[in-house]
Structures are given as structure tokens and as C-alpha cells.
Amino acid sequence: MTSVASVHSLWTVAAGAPGKIPGPHIEYAQLSPTLIVLGAAVIGILIEAFVPRRSRYYSQLLLSVVSLAAAFAAVIGLAAGGFGSSKAHIAAMGAIAVDGPALFLQGTILLVSLIAVFTFAERRLDPAAHGNRVDSFAAQPAAVPGGAAEQAAVKAGFTTTEVFPIVLFAVGGMLVFPAANDLLTLFVALEVFSLPLYILCALARRQRLLSQESAVKYFLLGAFSSAFLLFGVALLYGYAGTVTYAGIAEVVSDGAKQIDPALAGTMGNDALLLIGAALVLMGLLFKVGAVPFHMWTPDVYQGAPTPVTGFMAAATKVAAFGALLRLLYVVLPGMRWDWRPVMWGVAIITMLGGAIVAITQTDIKRLLAYSSIAHAGFILAGVIATSEDGISSVLFYLGAYSFVTLGAFAVVTLVRDAGGEATALSKWAGLGRRSPLVAAVFAIFLLAFAGIPLTSGFAGKFAVFKAAAQSGAGWLVVVGVISSAIAAFFYIRVIVLMFFNEPKADGPTVAVPSPLTSTAIAIGVTATLVLGLAPQYFLDLAGQAGVFVR
């Protein structure tokens, strides 16, 4: 009864003195990249409601490209204004960090998303249906696969232009995720970008049942990981009496100085700290695709529409590793001796597991999925370095990896047979003789994945392994080099299959893409070669962005 009375008295006091309630102080200019993208997403929903169907595709494409470009320009403006270095601070009443790593990762996510939108908008790869050009997405996703409603939607030439605002909502969440400075903002951002991805995975035009199965798997396992993360947030709040990163870090390093009476029984309890930190880490490692939280990756990558797979594989990793870095370096630096051995184990089994299982794959999308798992292990080696070089090497690797991944999945969309994309590896035999240019481009991406010199993959792996070795994780580097050698085997095997095997008479053809997909692939190849041949400028840029604000 006393607690009810006290709450009631608080209400009456607040109502009696409305002038004393402080208004929120939001730095809108510094949050402008996220606000631009989310604002465009809302406008995209209104376009779906009010613009005639025949005009929606061009309206949505224009809106998406302009908003992502404007948000990237805003990130550049903030970086040029010193918010990545001397003016770095905590904005939005402690919820969002505006600092070097946040701006670098946001810029990378926006560039990746801009290129991904080009692949989403591709409409020349499939043959026209009933005189209408079609894209990779279901004509009417709500219709039963193969049912009368779907056939009627295909005949009418419907296209799912809702994918553009859905992508923008996902990007908005991804921009907040690596910049979140308290655990509740982290969780909200996680849900804001996860829910659109669950939907996008279910929208494939071909193989709709496989696509819907992948979406259900991703949703169920994603719900589990979100639950773990949220339970971890609750335990960390019980331990520290706050959800802000700085507040938790202070209690971890100094103990509870000012104990909240309501939490006096739990504050400073190390069991809560260890279990809570482990659960939050599990939620983030799921998004990264690290072993043993990787089981969703191959099925979802295979079943989702390939443009969505490329977007997820690139942008989600960037956002998730950014959040993981901030959690370990800002919240839990005082627990380094507790989490480093665990992360060592996760990195080793992720590198070896991804590389070894990839050898057995017979589907190109599943092979790239296990490749992405192995790369998550390589990036974790940089995370474990616990140094500024470690942060900058991870930032560089994420940027380099995301362009290679997008380019590789864009090439996969071009190789087609009567059933749509020909993803079975056996069908890629002799592709180099049928279409030398496409096979050569894909070979460049595979060599970058393998970490061959003069590609961005080599520069990225060298940077993370060097940072790990300097921090005393020499054995981790040895395992990483062995894993890279194993991984190189299956990348080279695909190159040999394309160039040194005879093409089959009933083999797939290579579709001629529109300028949109051609641009995406060209940017991927250019970034791969530039970051491999002249990486120093970008390594320096990542180095300047490698300090978290606390």
C-alpha cells in the first residue's frame, strides 16, 4: 500500500507542477543519418498506400537511393565536423554514441545498403511474365504458393515494391545498433532491423516454400536469441542498477558506490554480471553467425531471395560486430580476463567449423554461408586483440568483406536455368568458357574471400591477425592461418570447376543484367581491388575511427 501511495503522490506532484518536468534534449543534427533513413521508410509506406501501382517502383527506388545517399552525406558531414574524434560524445540523453567507430560503421552500412538496393531493383534477369518485367520477389507474398491468388497476381503483373521501405526500416535499425549506448536502445535496434529481415527472407518469387521455411527458421531462432539478450539485459540491470554502458562499466571496475536501495540485494553480485554478460554476448554472436550460434545461417542464406541474402550477409555482420565491439570495449573492459578465453574458444571453433563444413557443400549459396561463418571467426580474432589496432582492423575487415560479399551474391543472381537461379555447384562447370567475364569477376571475389594477396581479403586478414598477434594471441593466428588454408581449397575448387571443366550441354545461361546490378558488381570488384592494392589510406581512416567515446 505504501508503494502505491508513493507512486500516486509522484503523479499528483508531477501534475501539480508541470513546468518542472524536464523535456528530452535530442541532438537531431547528430542523429540525422538515422532520422533520414527512418523518415524515408515512413514516406515509402505512404507511397504504397497512395501512389498508383504503376508508379510505385520508380518512386520507391528513387526515394531509397536518395535517402541512403543523403544519410551517407550526413555521416561524412559529421565526420568532417570532428564528431568522430575531438567532438565525439553521447547524444540523445545517453542513448546513442556519436564517435569514430559509430560513424565508420554507419557509413559502411549505408554504402552497402545503397548497392544492395540496386540488386533489389533488378528486373531484367527473369523472363517477362504476361508482358510484365519481374524482380526477385513474390508477386503477392500473402497469397498461398501456387494458389489461384498468386497466379492472378502474376498475370496482373504485380510487383512487391514494399521491399524498399522494409529495407529502409532494417537499415535504420542497423544504424542505431552499433551506436547504441544503453542496453535497452541496443535491444530496440535489434528488433527494428531483425523483424524486416524475417519478412524479406520469405518473399522469394521462385521456390517460395523454401523461402518461407527459411524465414520461419530465422524468426524462431532469432526470437530465441532476442530472449537470451533481453534476459541478459535484465540480469545486468540487476547487477549494476542501470542499463547505460558507462554506468555498468563503472560498477564493474569500481564496485557499487551509490547503491540503489531497491537493488541493494543484487548490486555487485558477480554471478548476475557473468550470466548477464554471457546471455547478451550470445544474442550478439547469433547475429554475427558464430559457432555454435550459426545453425540458422546456411538455411536462411539458401532460402532467402539472393539480393536479400547479399544484403543480410554484408550489412547485418557490420552492425552486429559494431555492437559486439562496443559491448566488450566500453561495458566489459574490466572483465577482459573473463571473456577473452571464451571468445578465444568461439573464434577457434568458428574459423575451423566454417572452413571444414564448407568443403562438403554442393550449393553455392550454402558454400558462401559457411564461408561467412569462417569469416566471422577471422573478425573475432581482431575483436580479441583488445587494442586500438584491434578495433581499426575489425572496422577495415568489415568494410572490405561487405563489398566482396555483395558482389559475390550479385553474380550468383546472374547464373540461371529454367527454374531460376542455378545455385547447384555442378551446374557452374565450364562457366568460364560460356561467360569468361562473369566467371573472372566471381573468381576475383573468391580469391578475396580466400585472402590471396592484392585483394581486400588479404589486407583485412593481415590486419586482424597482426593485431591479434601483437596482443599475445599468437596461437589464435596459427589456427586462423590453418583455417584460411582449408578455406582456400574450396574457393580454388570453384575456380577450377568454372575454368577447367567442360560445360554441360544443358548447363545454365548467364543473364544480361540491367545497369543496376552491373553497377553493384562493378563497385564490388573496384572496392576489392582498390582495398587490396592500396589499403593504407583506408587502414589509416579506420585507425582514426578506432576510439570509442565513454
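Predicted model: local features only at pLDDT ≥ 70, side-chain atom pairs only at ≥ 80, totals over all residues.

Biologist: What is the average pLDDT of the protein, and how many of the residues score at least 70?

Modeller: On the scale of pLDDT, which is the predictor's confidence in each residue from 0 to 100, the protein averages 87, and 94% of its residues score at least 70. Among its elements, the lowest mean, 45, belongs to helix α1 (residues 2-16), and the highest, 95, to helix α6 (residues 163-176). The pLDDT stays below 50 over residues 1-14, a stretch that has one contact in the model beyond near neighbours in sequence, where contact means heavy atoms within 4.5 Å.

Biologist: What makes the radius of gyration of the protein agree with that of a compact globule?

Modeller: The rule for a globule is 2.2 Å times the number of residues to the power 0.38, and the radius is taken over C-alpha atoms. For 550 residues a compact globule would come near 24 Å, and the protein has 24 Å, so the value agrees with the rule. Along its principal axes, the C-alpha trace spans about 80 × 60 × 40 Å. Among contacts with a separation of 6 or more, 80% join residues 24 or more positions apart.

Biologist: How many helices and strands does the protein have?

Modeller: The secondary structure comes to 21 helices and five strands, which are DSSP runs numbered from the N terminus (helices are H or I with at least four residues, strands are E with at least two).

Biologist: Why are β4 and β5 called edge strands?

Modeller: Three strands form an open antiparallel sheet in the order β4-β3-β5, and two strands are said to pair if DSSP finds at least two bridges between them. Strands β4 (420-421) and β5 (509-510) each pair on one side only, and that makes them the edges. Strand β3 (residues 415-417) is joined to β4 by two bridges, and in one of them D417 has G420 as its partner.

Biologist: Why does R56 count as buried?

Modeller: Its relative accessibility is 13%, so R56 falls under the 20% limit and counts as buried. R56 belongs to helix α3 (residues 53-80), and beyond residues up to four places away in sequence it touches I47, E48, V51 and T161.

Biologist: What makes the meeting of the E48 and R56 side chains a salt bridge?

Modeller: A salt bridge needs a side-chain nitrogen of Lys or Arg within 4 Å of a carboxyl oxygen of Asp or Glu; for E48 and R56 the N to O distance is 3.7 Å, so the pair qualifies. E48 is also buried, because its relative accessibility is 13%. The structure holds eight salt bridges, and E213, K217, D299 and R366 are linked in a network of them.

Biologist: Which parts does the salt bridge between E150 and R208 tie together?

Modeller: The closest N and O atoms of E150 and R208 are 2.7 Å apart. E150 lies in helix α5 (residues 148-156) and R208 in helix α8 (residues 208-240), so the pair ties together parts that are 58 residues apart in sequence. Both partners count as buried, E150 at 13% relative accessibility and R208 at 5%.

Biologist: Are R433 and E502, which meet in a salt bridge, buried or exposed?

Modeller: R433 has 46% relative accessibility and therefore counts as partly exposed, whereas E502, with a relative accessible area of 57%, is exposed. Their side chains meet at 2.7 Å, N to O. R433 lies in helix α16 (residues 431-434) and E502 in the loop between α19 (474-500) and β5, so this bridge ties together parts 69 residues apart in sequence.

Biologist: Why does A369 count as buried?

Modeller: Its relative accessibility is 0%, and so A369 counts as buried. A369 sits in helix α14 (residues 364-384) and, leaving aside neighbours within four places in sequence, is in contact with T297, P298 and Y301.

How values were computed
Residues numbered from 1 in each chain as written. Heavy atoms only, no water. Buried < 20%, exposed > 50% of the residue type's maximum accessible area, 1.4 Å probe, protein only.
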